[in-house]
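Subject: Structure for you to look at

Dear colleague,

I am handing over the structure we spoke about, and below it you will find what came out of going through it. Please read the notes with the model open beside you.

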Amino acid sequence: QVKLVESGGGSVQSGGSLRLSCTASGYASSRLSMGWFREAPGKEREGVAAIGRAGSTDYADSVKGRFTISQNNAENTLYLEMNNLRPEDTAIYYCAADTRLRPFGGSWLNEFAFGYWGQGTQVSVSS
């Protein structure tokens with residue numbers, strides 16, 4: 001069983017930065033494909049960034065050039081560095097993980113590719 005705990009959310013002004021962390025337990029993160037998703041009020045959950053077990057990364061077009069996903073396997077932790085934040089980035093951010101080598105549905109930005117989820121952390125960006 002994989003347990004995921006997110007931290008690092010908060011409130012910032014437009015143009016600011018935040019770093020989210022997700023610590024995994026019960027399974028080595030080096031053997032997990034992991035990702036970040038977000039859910040804004042009234043909107044569906046969307047994939048933000050993901051990193052496959054083989055090390056490949058994928059980003060939503062809306063965050064390319066601003067967000068960076070990384071993984072520290074020694075600490076079993078996934079990070080999301082978010083720069084130049086915009087009000088439209090406001091959402092609850094969720095960490096997700098799966099033991100598959102390849103994503104179900106063909107994309108790690110698809111929420112159905114992941115079987116394990118954290119409880120979420122709120123990110124609020126004001127203009």
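Two strands are taken to pair if DSSP finds at least two bridges between them, and the description of the sheet below rests on that rule. Please keep in mind throughout that this is a predicted model.

Beginning with the overall make-up, the protein has 11 strands and 0 helices, so that from the N terminus on the elements run β-β-β-β-β-β-β-β-β-β-β. Its radius of gyration is 13 Å, which agrees with the value near 14 Å that a compact globule of 127 residues would have, and along its principal axes the C-alpha trace spans about 40 × 30 × 25 Å. Of the 127 residues, 42% count as buried, while the protein exposes about 6300 Å², of which carbon and sulfur atoms supply 44%. Among the contacts between residues at least 6 apart in sequence, 61% join residues that are at least 24 apart.

Turning to the sheet, 4 strands form an open one in the order β1-β3-β8-β7, with antiparallel pairing. Its edge strands are β1 (3–7) and β7 (67–72), each of which pairs on one side only, and neighbouring strands of this sheet are turned by 15° against each other on average, direction ignored. In general, the strands of a sheet pair through backbone hydrogen bonds, either parallel or antiparallel. Here β1 and β3 (residues 18–25) pair in the antiparallel sense over 5 bridges, and the bridge partner of E6 in β3 is C22.

The aromatic side chains deserve a separate paragraph, as the count comes to 4 aromatic pairs. The rings of F37 and F114 have their centres 5.5 Å apart and their planes at 80°, and because planes over 60 degrees apart count as edge-to-face, that is how this pair is classed. The pair links distant parts of the chain, since F37 lies in strand β4 (residues 33–39) and F114 in the loop between β9 (91–98) and β10 (116–117), 77 residues apart. The rings of W108 and F114, in turn, have their centres 5.2 Å apart and their planes at 45°, so this pair is tilted. F37, W108, F114 and W117 form one aromatic cluster.

Are F37, F114 and W108 buried or exposed? F37 counts as buried at 1% relative accessibility, F114 counts as buried at 6%, and W108 is buried with a relative accessible area of 8%, because the cut-off for buried is under 20%.

Note on methods
Residues numbered from 1 in each chain as written. Predicted model: local features only at pLDDT ≥ 70, side-chain atom pairs only at ≥ 80, totals over all residues. Heavy atoms only, no water. Helix = DSSP H or I, 4+ residues; strand = E, 2+ residues; numbered from the N terminus. Axes fitted to C-alpha atoms, helices over the stretch in contact; angles between N-to-C directions. Rg over C-alpha atoms; globule rule 2.2 N^0.38 Å. Buried < 20%, exposed > 50% of the residue type's maximum accessible area, 1.4 Å probe, protein only. Contact = heavy atoms within 4.5 Å. Areas by Shrake-Rupley, 256 points an atom, 1.4 Å probe, with all protein chains shown as cover. Phe/Tyr/Trp six-rings, centres within 6.5 Å; stacked < 30°, edge-to-face > 60°.
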